[in-house]
Amino acid sequence: MNFARACSNEHADLHWSFFRVHRGSRVSRKRQGESASRVAEDTPAYGAAPFRFIDLFCGIGGFRIAFEKAGAKCVFSSDYDKFSQQTYESNFGEKPFGDIHSVAVADIPQHDILCAGFPCQPFSLAGVSKKNSLGRKHGFDDVKQGNLFFALAEVIDFHRPAAFVLENVKNLKGHDQGRTFDIIHRTLTEALGYTVYHKIIDAKPLVPQHRERIFLVGFREWRHFEFPNFPSEGPKLASILERDPDPKYTLTDHLWNYLQRYAEKHRAAGNGFGFGLVTERDHARTLSARYHKDGSEILIAQRGKNPRRLTPRECARLMGYPDTFKITVSDTQAYRQFGNSVVVPVVQHVAKLVVQTLKMPKSSTYDLVLEEKHNAHLGQGPKEPSKMVTYTKPKRRRIT
Ligand SMILES: C[S@@+](CC[C@H](N)C(=O)[O-])C[C@H]1O[C@@H](n2cnc3c(N)ncnc32)[C@H](O)[C@@H]1O
């Protein structure tokens, strides 16, 4: 069966062809101006050695903190934004490689786990409506950003890591009536042969912020995997607020009046737009990369004063970054970087489970199922009925 033809999306053929045509095109191309000697030796990391991971679209390294905490070792990172590279280098002592398209796939070191919070603007609700209003393309039709998924699929196809963890906005699932997600899912399962689990996770139980993101976890060999479950109650903003923030974060009368008038205008028109005024007893709305513009989505009420926006350090805490994380860029860049980031403790929980799953002897779950089937056949019944699972080995399709 031809995968492209099997896809209902009218663009599927186009994108599938894109993957096939571009697949391998970067394999032999030498990275321009960058020495391959920066790349670690190619030794798989099973046994006592730590798992090796790569950090694609790394931003400021949210995935890196989480996977290092889970005991894994970063062997490659890439992000083309110079300010994100600056923050990353200040904190990890390494400057990430630039544009993913300029890196030859073969020059990316062998790794066990591929991590990628691939760019979300083509799929995010805010990104889509903005692009619609400007008459611009979104999703896979956004040629520059939408196709970055295929760039990472190419890396998976070439290196065949034992596992991957991908993160994106919740709207990825519903974008283009589910067709975008369908293509992504089928590329990972049918074309690349991975067993894929996905879940939308809200960070609210771990940080005082309502932030829903979709996670896709894939395994090259069949593995049973369950996402972490969090308690329903989470911390409040009081836990991340600075005691004595610089007065520059308090809104001017001009901006505060403007925001109130703007909200009133939309309320009168029956729209829900407006600022998000919160106290220390609340949790915040989702921090966006545009927070630097007016801070309207999260404003902290202050007694006897205009509300204030969050400080960059408070944004870092809202995303679960430790206070030891260095902020070496301007406020504008810092707001953008934290608004684009993953919530570190959420990834930390996922990372821990992925590492644990990979550490289980490769065949254990598979053998257990076979053994149970065998026993059932002999009339002995399964030894541990609670662990009985139906196993269908995914077929890896060859892409030619
Ligand atoms: C959603 S952010 C990822 C943030 C990251 N997970 C973190 O925790 O900070 C996506 C990142 O992809 C980067 N990016 C976009 N296009 C890229 C490309 N062609 N090559 C490399 N990086 C790219 C952006 O600069 C941005 O930092």
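Trainee: Which residue in β3 does F53 stand opposite?
Mentor: This is a predicted model. Strand β3 covers residues 113–116, and it pairs with β1 in the parallel sense. Across that pairing, the residue opposite F53 is I113.

Trainee: How many bridges does the pairing of β1 and β3 have?
Mentor: The two strands run in the parallel sense. In general, strands of a sheet pair through backbone hydrogen bonds, either parallel or antiparallel. For β1 and β3, the bridges number four.

Trainee: What about β2: which of its residues stands opposite I54?
Mentor: Strand β2 spans residues 73–78 and runs parallel to β1. Five bridges join the two. Opposite I54 stands F76.

Trainee: Which helix makes a β-α-β unit with β1 and β2?
Mentor: Strands β1 and β2 run parallel. The unit they make with the helix is right-handed. The helix takes in residues 62–69 and is α3.

Trainee: Is β1 largely enclosed or left open by the rest of the structure?
Mentor: Take the side chains by direction. R52, I54 and L56 point one way, F53 and D55 the other way, and all are buried. That makes five of the five residues of β1 buried, so the strand is largely enclosed.

Trainee: Now helix α6: how far apart are its end C-alpha atoms?
Mentor: The helix has 12 residues, 148–159. At 1.5 Å a residue, it should span 16 Å.

Trainee: Which residues in α6 are buried?
Mentor: Burial here asks for 20 or more other C-beta atoms within 10 Å. Just after the helix, R160 takes a positive phi of about 50 degrees. Within α6, the buried residues are F149, F150, A151, L152, A153, V155 and I156.

Trainee: Which strands stand at the edges, each with a single partner strand?
Mentor: Consider the open sheet of three strands, with mixed pairing and the order β7-β8-β9. An edge strand here has a single partner, so one side is left without a neighbour in the sheet. The edge strands are β7 and β9.

Trainee: In the hairpin of β8 and β9, which residue takes a positive phi?
Mentor: Strand β8 (residues 299–302) pairs with β9 (residues 305–309) in the antiparallel sense over three bridges. Q302 has K305 as its bridge partner. Two residues lie between the strands. The one with a positive phi, near 70 degrees, is G304.

Trainee: How does T279 count: buried, exposed or partly exposed?
Mentor: T279 sits in the loop between β7 and α9. A residue is exposed with 12 or fewer neighbours and buried with 20 or more. T279 has 13 C-beta neighbours inside 10 Å, so it counts as partly exposed.

Trainee: How far apart in space are T279 and L299?
Mentor: In sequence, they are 20 residues apart. In space, C-alpha to C-alpha, the separation is 8.4 Å.

Trainee: Across the chain, what share of the 400 residues counts as buried?
Mentor: The chain has 13 helices and nine strands. Among contacts between residues at least 6 apart in sequence, 70% join residues at least 24 apart. The buried share of the residues is 38%.

Technical notes. Residues are numbered from 1 along each chain as its sequence is written. This is a predicted model: local features need pLDDT of at least 70, side-chain atom pairs count only at pLDDT 80 or more; totals for chains, interfaces and linings use all residues. Two strands pair if DSSP finds at least two bridges between them. A crossover is right-handed if, with the strands pointing away from the viewer, the path from the first strand over the helix to the second runs clockwise. Two residues are in contact if their C-beta atoms, placed from the backbone, lie within 7 Å. The expected span of a helix is 1.5 Å times one less than its number of residues.
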